[in-house]
Amino acid sequence: MGYQKSTLMLFDLSRKKDIAHAVGILLLFCIPAFLSYNSKTELQAIREAGTLKMVTRNTPSTYFLEKGQPAGFEYELAKAFAEHIGVELDVTLAPSFGDIFKIIKDRDAHIAGANLTITPKREEQFAFSTPYLYTKSALIYRIKQGRLPPKQITDIIGRTLVVPENSSHVEALQSLQETFPEIRWQESRTDSAVDLLEKVHMREIDFTIMDTVTYESHRSYFPGVNKSLSLTEAQPLAWMYAPHPDRSLKLAMERFFAREETKQLIESLKDKYFNRQNRLSFFDTVTFRNHMRKRLPALKPYFLEAEKNTGIDWQMLAAIAYQESHWNRKAVSPTGVRGIMMLTQATAKEVGVSDRTNAEQSIRGGAKYFKKVIGKIPERIQGEDRVWFGLASYNIGYGHLEDARILTQRGGKNPDSWEDVRKFLPLLTKPQYYKTLKRGYARGYEPVVYVKNIRRYLELIRWETQLSEIRETNRQQDAEPIPERAAAPGQKTPLSL
């Protein structure tokens, strides 16, 4: 009996071990399935967190502050995607272009939106969304009298060529170097594409390479700069992200870019950020005088009324309006501003304008807003400087103007002088300057051109107004009876002076 009992106990123990072993094997198979069933997809995790994290650069074509509000092609597009998936957008600004790749690799951001080209080398480490734009790498040069533009690759050999570090243009040059080993170039870590465009314009370097999208959006501000050779075929621009096995974020982006609303948004953002031009290049004196004859007379009473209410010279208000809309009461810009004074919805509400296309309301509201803007300028700044500062603030925002005045003071110049400050405003496009300031990047070239244009229009308005008044006086004199007296020999009558 004892033997049988021992045998049964051993059998029972062995059986329990078999069962435990079987259960263990079953758990090994079930746990991954269980975890997989309960784990969140990347898109679910983003939605639960409530934020989509995007890394970008503080540049004119990606992200910047405009009158205190976030703006930029990449920002608005990513914001629309965030709204599409039901979350907020959280923006991280990379210190340099190369840092974008590290941030994505470390998964400190979900997507990178920075006008990134899809290249074979990048695809080895990263994934990309559906492309939303196409561009080429083009050689940029300065037109010089007596020197032919570069027409072939060998024309750049032995001359100064600088491109941004880590840019796709480096890959294009490396590919060309296989056929043309004499090609040499420098890579800049600190200069942005716009910085290099300016250096070409100032003849500090011979060439740079830019994507054509960026070039076309800035070329009008750098007269004499042109593009020549295309170094690549059309390349797609897309958002970059770290690959993820569940593909949920990728599918969400695919659905977003497939929508008709997104395609329309991209077209409007292209007009808004990449088709901006220096309008002075398109209007000459003949056009202006024609507009004075045909458009200004109907608006002049409103400008005079606005002058009476605000104390601002009606001719100045008219010059601002011409710069803004060419006195077209139906004018609408890609940014959504409209009317004679091109007011935003927020500004119109602030100054009590209910219909921005109503010329009288628009002029009255624009004058009221301009007076408010000028009121922020320090009282010690008077005369024309106060007006030019007011115009610059009206265009770029008071905060960015103050940043430029800080730079002017740092540079040992007079921050209360427009002639000094206007030389420092363009520095707001350069990282080494705007990173030291409170409001960051701004289109610093635009207020300089804006003020210059208005001053020119103001001179023309004053001249034309004076001519008009002289003609009116002459007409009145012509309508009066000629005095019935003879002129003395050699003397002219007053009407013949």
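What is the mean pLDDT of the chain, and what share of its residues reach 70 or more? In this predicted model, the mean pLDDT of the chain is 84, and 83% of the residues reach 70 or more.

The chain contains 20 helices and 14 strands. Of its 497 residues, 47% are buried. Contacts between residues at least 6 apart in sequence were also examined, and 68% of them join residues at least 24 apart.

The nonpolar interior was considered next. In soluble globular proteins, nonpolar side chains tend to be buried together. The largest nonpolar core of the chain has 56 residues. Those with the most contacts inside this core are Phe 303, Met 316, Ile 320, Trp 327, Phe 370, Leu 391 and Tyr 394. Two or more residues each are given to this core by α11 (285-294), α12 (296-310), α13 (314-325), α15 (359-376), α16 (383-396), α17 (398-410), α18 (418-424) and α20 (445-479). The surroundings of Ile 320 illustrate the packing: with neighbours within four places in sequence left aside, Ile 320 is in contact with Met 341, Phe 370, Leu 391, Tyr 394, Tyr 450 and Ile 454. Among these partners, Phe 370, Leu 391 and Tyr 394 are themselves listed with the residues that have the most contacts inside the core. A second, separate core has 36 residues, including Phe 64, Leu 237, Tyr 241 and Ile 266.

Trp 327, one of the residues with the most contacts inside the largest core, lies in the loop between α13 and α14 (345-350). Its relative accessibility is 3%, and Trp 327 therefore counts as buried. Most residues other than glycine have a negative phi. Trp 327, although not a glycine, has a positive phi of about 60°. A positive phi of about 60° is likewise found at Arg 247, which is not a glycine either. Arg 247 is located in the loop between β14 (240-241) and α9. With a relative accessible area of 42%, Arg 247 is partly exposed, whereas Trp 327 is buried.

Helix α9 takes part in two helix contacts. In one of them, helix α2 (residues 42-49) packs against helix α9 (residues 248-258) at an angle of about 80°, and their axes are 6 Å apart. This angle makes α2 roughly perpendicular to α9. On the α2 side, Glu 42, Leu 43 and Ile 46 meet Ser 248, Leu 249, Ala 252 and Arg 255 of α9. Four of the residues in the contact of α2 with α9 are nonpolar, one is polar and two are charged.

In the other contact, α9 packs with helix α10 (residues 260-273) at an angle of about 70°, with the axes 5 Å apart. The two helices, α9 and α10, are accordingly roughly perpendicular. Phe 256, Phe 257 and Ala 258 of α9 make the contact together with Glu 260, Thr 262, Lys 263 and Ile 266 of α10. By class, the contact of α9 with α10 comprises four nonpolar residues, one polar residue and two charged residues.

Gly 72 is found in the loop between β3 (69-71) and α3 (73-84), and its relative accessible area is 0%. Not counting residues up to four places away in sequence, Gly 72 touches Thr 62, Tyr 63, Phe 64 and Tyr 273. From C-alpha to C-alpha, Gly 72 and Thr 62 are 4.8 Å apart in space, and they are ten residues apart in sequence.

Glu 464 is found in helix α20. Its relative accessible area is 9%, so Glu 464 is buried. Neighbours within four places in sequence aside, Glu 464 is in contact with Arg 289 and Met 292. The C-alpha atoms of Glu 464 and Met 292 are separated by 8.1 Å, although these residues are 172 residues apart along the chain.

Technical notes: Residues are numbered from 1 along each chain as its sequence is written. Side-chain values use heavy atoms; hydrogens and water are left out. Axes are lines fitted to C-alpha atoms, for helices over the stretch in contact, and angles run from 0 to 180 degrees between N-to-C directions. Helices (H or I, at least four residues) and strands (E, at least two) are DSSP runs, numbered from the N terminus. Angles under 35 degrees count as roughly parallel, over 145 as roughly antiparallel, 65 to 115 as roughly perpendicular and the rest as oblique. Contact means heavy atoms within 4.5 Å. Ala, Val, Leu, Ile, Met, Phe, Trp, Tyr, Cys and Pro count as nonpolar, Asp, Glu, Lys and Arg as charged, and the others, Gly among them, as polar. pLDDT is the predictor's confidence in each residue, from 0 to 100. A nonpolar core is a set of buried Ala, Val, Leu, Ile, Met, Phe, Trp, Tyr and Cys residues joined through side-chain atoms within 4.5 Å. Buried means under 20% relative accessible area, exposed over 50%, partly exposed in between (1.4 Å probe, protein chains only).
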